[in-house]
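Please read this briefing alongside the sequence and the model. The topics are taken one at a time.

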Amino acid sequence: MSGGARLAIALGDPNGIGPEIALKALAALPAQDRERFTLFGPGAVLRDTATRLGLGDGPPGMHHREAGTLDAASARPGRIDAAAGTSAVASATAAIQAVQAGECDAVIACPHHETAIAQAGIAFSGYPSLVARVCGQPADSVFLMLVGGGLRIVHVTLHESVRTALDRLSTDLIVRATHAGIVACRRMGLAAPRIGVFGINPHASEGDLFGSEDARLVVPAAAQLRAEGYVVSEPAGADVLLAQRKHDLYVAIFHDQGHIPIKLLAPNAASALSVGGSVVLSSVGHGSAMDIAGQGVASPEALLRTIGLLSAT
C-alpha cells in the first residue's frame with residue numbers, strides 16, 4: 001500500500017463517536033487527499049453529524065456509500081440499540097466487500113459496541129472474526145494486533161472468557177497468530193522482527209511451579225518458530241518481556257495481556273489491525289464512547305494515526 005491507497009472507512013456503531021471522528025479526520029486532511037476515502041454507513045446519521053459539527057454536508061471531496069441504514073427511532077447518539085449494532089456490522093461488511101471487489105485497498109473500521117451487536121443476535125467477537133467470516137476463512141485464522149506506544153502486540157485469543165480461551169488454546173494457534181503478526185510487521189518495514197512470547201501463567205509457570213500449560217503449549221510454539229528461522233524468546237511473563245523492551249513484536253495469549261500495556265502507553269491513540277485475513281482491516285484502539293457521543297468532543301487522533309499506518313504499509 002502507499003500514501004495513495006484507497007481506504008474504506010466503516011462508521012462503526014452509528015450511535016457512538018464513529019461518525020464524528022470519521023468526519024473530523026477527513027476534515028483534518030488536505031482537500032486533495034480526501035478523494036481516496038469512502039465512508040460506509042447510514043447517510044442520515046452522517047448528515048446529522050456533519051450539521052452538528054458545522055461541516056455542512058461534510059468535508060469537500062468526501063465520498064459516501066450507503067450501508068447499514070438506520071431508522072430514525074434507533075438513531076440517537078449514546079443509545080445502545082440492536083438496530084445500531086446491525087448497522088455497524090453491515091457497514092463494515094460492505095467495506096470489506098468493496099476491497100474484495102477491488103474498489104478499495106483496505107478498510108478502517110470505527111468503533112463498534114459489543115452489547116448492541118449481541119442484542120441484534122449477531123455472532124461477533126471483534127472485527128477479526130468478521131473479516132474471517134466475510135472472506136470465507138476459518139474464524140481462528142485472523143487475529144488482532146494492536147500498535148501504539150512503541151509496541152506491536154498480536155493476540156492469540158480475544159473476546160472470550162479466560163476459561164474458554166484456555167480450553168481452545170493450542171501450540172498451533174499460537175504459531176499461526178505469530179505468523180500473522182510477522183507478516184504485518186513485514187508490511188510495516190520490519191523484515192526480521194524480534195519476537196517476545198508471553199507466558200500463560202505468572203512467570204511463564206516458573207518451571208511448572210504454577211501449572212503445566214506453558215510447558216505443554218507455549219514452549220513448543222516458541223521452539224517451532226525458532227526452527228522456522230525466526231528470532232523468538234523463551235516464553236516469559238508479560239511484565240518481564242515488556243520491561244526489557246528488546247522485541248519488535250509481542251505475542252499475547254489473552255486479551256488483557258496485550259490491551260493493558262497498549263492502552264496505558266497510548267490511551268485513545270492506538271490502532272487495531274486484523275491480521276491474517278485476505279483483506280487488510282484496521283480499527284482504532286478505543287471504544288464507541290457512548291458517554292460523549294453526539295457532544296462534538298471526540299478526538300480523531302487514533303483514526304488519523306490509523307490512516308497514517310495503513311497509508312504507510
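This is a predicted model: local features need pLDDT of at least 70, side-chain atom pairs count only at pLDDT 80 or more; totals for chains, interfaces and linings use all residues.

- Ten strands form an open sheet with mixed pairing, in the order β3-β2-β1-β4-β10-β9-β5-β6-β8-β7.
- Because β3 (63-66) and β7 (195-197) stand at the edges with a single partner strand each, one side of each is left without a neighbour in the sheet.
- Neighbouring strands of this sheet are turned against each other by 25° on average, direction ignored.
- Strand β2 (residues 37-41) runs parallel to β3 and is joined to β3 by four bridges, and F40 stands opposite R65 in β3.

**Helix α7**
- Helix α7 (residues 171-187) has 17 residues and reaches 25 Å from its first C-alpha to its last, which is close to the 24 Å expected at 1.5 Å a residue.
- The buried residues of α7 include T171, L173, I174, V175 and A177, and just after the helix G189 takes a positive phi of about 100°.

**The largest pocket**
- The largest pocket has a volume of about 320 Å³, and of the 21 residues that line it, H112, H159, H259, V284 and H286 are the closest to its centre.
- The largest share of this lining, three residues, comes from α10, and the lining residues divide into eight nonpolar, 11 polar and two charged.

**The second largest pocket**
- About 280 Å³ of space lies in the second largest pocket, which is lined by 17 residues, with S125, S129, A139, V142 and R168 nearest its centre.
- Two or more residues of this lining come from each of α5 and β5, with α5 giving the most, three residues.
- The lining of the second largest pocket divides into eight nonpolar, five polar and four charged residues.

Conventions: Residues are numbered from 1 along each chain as its sequence is written. Side-chain values use heavy atoms; hydrogens and water are left out. The expected span of a helix is 1.5 Å times one less than its number of residues. Buried means under 20% relative accessible area, exposed over 50%, partly exposed in between (1.4 Å probe, protein chains only). Two strands pair if DSSP finds at least two bridges between them. Axes are lines fitted to C-alpha atoms, for helices over the stretch in contact, and angles run from 0 to 180 degrees between N-to-C directions. On a 1 Å grid over the protein atoms alone, a cavity is a set of points where a 1.4 Å probe fits but cannot get out, and a pocket is an open set with protein on both sides within 12 Å along at least five of seven lines; lining residues have an atom within 4 Å of a point. Grid points are joined across faces, edges and corners, and a volume is the space filled by probe spheres set on the points. Ala, Val, Leu, Ile, Met, Phe, Trp, Tyr, Cys and Pro count as nonpolar, Asp, Glu, Lys and Arg as charged, and the others, Gly among them, as polar.
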